[in-house]
Amino acid sequence: MTRCYGELGCLNITKEWYHLIFRPFNVFPLPRSVINTRFILYTEKNPTDGQLLQAEVKDTIMKSHFRSDWNTKFIIHGFIDTPLSNWVSEMRDELITRGGLNVIVVDWAGGSLPLYTQATANTRLVGLEIAYLIKKLGEYKGLRAEDVHLIGHSLGAHTAGYAAERTPGLGRITGLDPAEPYFQGMDPIVRLDPSDASLVDVIHTDGRSVFRLEIPGYGMSHACGHLDFYPNNGKEQPGCALSQEGAATIPLTLIKDGIEEASRVLLACNHIRAIKLFIDSINGKCPYVAHRCPSYQHFLSGNCFKCTSGNCALMGYHASLPITTTRQNISENDIAVGSSIPVAPQPGKYFLATGRDFPFCQRHYRFTIELAKPKSAEPWVQGHLTAGIFSERGAIRSIDLTPKGTARFEHGTVYQVVVTNPHDLGDRIRKVELSWTHDMNVLEPTTLCLLWCNNHLYVKTIQVETMQMPSRE
């Protein structure tokens, strides 16, 4: 089945668009007049008073403040969303503050509000509209496709992929928690994928799967870019679960931002966290350094802590910039040992931890504790371990080194864990204090003791390392 839309081109529905489980239904988009896609341009000259761009009306482009010598950023909202949402203006303002950018807000509210099945179909036509505007901006203003960056949230991320399909040489797409229903598990032609642009970077924040007996999330868990970032494992974000400490303060947004914004925070907190992280990364002073790792558990265990051979990447706005590393990890003979050189991040899954409140960016610390094994020690003990670290910049106390509640410590082995904190103590840690609390587990008879038991933890050495925090510039 094929349907054409004049100068925009044609859309078809073939067998690749169907899947018995993931995408059982497909329809064509609503008419152009109903979706009514609009493009609003903002620049330094008109930071809040947008100019309407119409691809079919040349004067709206020629008389606008659009500059072809600047990079162009498109902001694309998602399902049941509009450009009136607070996050759209917040992202726009941060981009304008960055300077030297054309910021174009895509308004497809006429197509984002129907039933989800229809909205997913409408994204294909919105993609054609974006591609057509990019083409006309090239014809009238000299815009180059490689200077275009599409930033899409939820359904907007896949919309960006559809626009890129009709825009050869597109520079970059940032997918902010791409929508999962009707897209995950589908052929790359249906969803956002690495072939859509020179760089496709994705932030996953709500990838809980119904197939794993989890409360299903709105976002994809499967990798769909060159660089796929999974803050806090890409699932439950700190401060979003109502059961988490402090989550009861969320309804206060009812007073501050209104009913609509409050419902968005309550019902889609994990889903919109990707937006907040990206906005914070634009001009924030703390870089979101993420590590390429097989899994989040490997990351928390400290197995992927060093920035070596392109294994680190900056999440968010600066994802395309290389990370600085040292000669010891590079196989180029003409670079002096210990010198710093930029290394481009390698494709893959990247993990990091973030905080529950703004600013979300955290400093990562790796604790490596070598346990002694004297004759008086039990083979293993179970309990809680906390720490305090001190440097010339200050101190951090009550750091939880057993984030799952309790941990099993086997004497004679090494216990390693990565923890985060918003405070930056620098690289020179002067002092470390450990606090140990023995715990009895009724499911482990050997931990039970009524009159006497050996509940001591014997520590031989402790090492604290701070994650490298390279300059984004």
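Buried means under 20% relative accessible area, exposed means over 50%, and partly exposed lies in between, with a 1.4 Å probe and protein chains only. By that rule Thr205 is buried, because its relative accessible area is 0%. The views below come from a predicted model, where local features need pLDDT of at least 70, side-chain atom pairs count only at pLDDT 80 or more, and totals for chains, interfaces and linings use all residues. Residues are numbered from 1 along each chain as its sequence is written, and side-chain values use heavy atoms, with hydrogens and water left out.

View 1. Thr205 sits in the loop between strand 9 and strand 10 (227–231). Helices (H or I, at least four residues) and strands (E, at least two) are DSSP runs, numbered from the N terminus. Contact means heavy atoms within 4.5 Å. Leaving aside neighbours within four places in sequence, Thr205 is in contact with residues including Asp177, Asn270, His271 and Arg273. Pro231, Gly234 and Lys235 are also among them.

**View 2. The annotated active site.** The unreviewed UniProt entry gives "active site" for Ser154, Asp177 and His271. The three span 118 residues in sequence, yet no two of their C-alpha atoms are more than 8.0 Å apart, so they gather at one spot. UniProt positions follow the numbering used here, feature names are shortened, and annotations may be inferred rather than shown by experiment.

**View 3. Ser154 and His271 in detail.** Ser154 lies in the loop between strand 7 and helix 6 (155–165). His271 belongs to helix 9 (residues 269–283). Ser154 counts as buried because its relative accessibility is 7%. His271 is buried too, at a relative accessible area of 6%. Not counting residues up to four places away in sequence, Ser154 touches Gly78, Leu176, Asp177, Pro178, Ala179 and His271. With the same exclusion, the residues that His271 touches include His153, Thr205 and Tyr218. A polar contact is a pair of N or O atoms within 3.5 Å; within protein, one must be able to donate a hydrogen and the other to accept it, and residues adjacent in sequence count only if both atoms are side-chain atoms.

**View 4. The annotated binding site.** For "binding site", the unreviewed UniProt entry lists Arg191, Asp193 and Asp196. Arg191 is in the loop between strand 8 (172–176) and strand 9 (199–203). Asp196 is found in the loop between strand 8 and strand 9. Arg191 counts as buried at 16% relative accessibility, and Asp196 counts as buried at 10%. The Arg191 side chain reaches the backbone oxygen of Met186 at 3.0 Å. A polar atom of the Asp196 side chain lies 2.9 Å from the backbone nitrogen of Asp193. Beyond four places in sequence, Arg191 is in contact with Asp196, and also with residues including His158 and Cys224.

**View 5. Asp147 and Arg144.** Asp147 is placed in the loop between helix 5 (116–141) and strand 7 (148–153). Its relative accessibility is 14%, so Asp147 counts as buried. The side chains of Asp147 and Arg144 make a polar contact of 2.9 Å. Not counting residues up to four places away in sequence, Asp147 touches Asn71 and Thr72.
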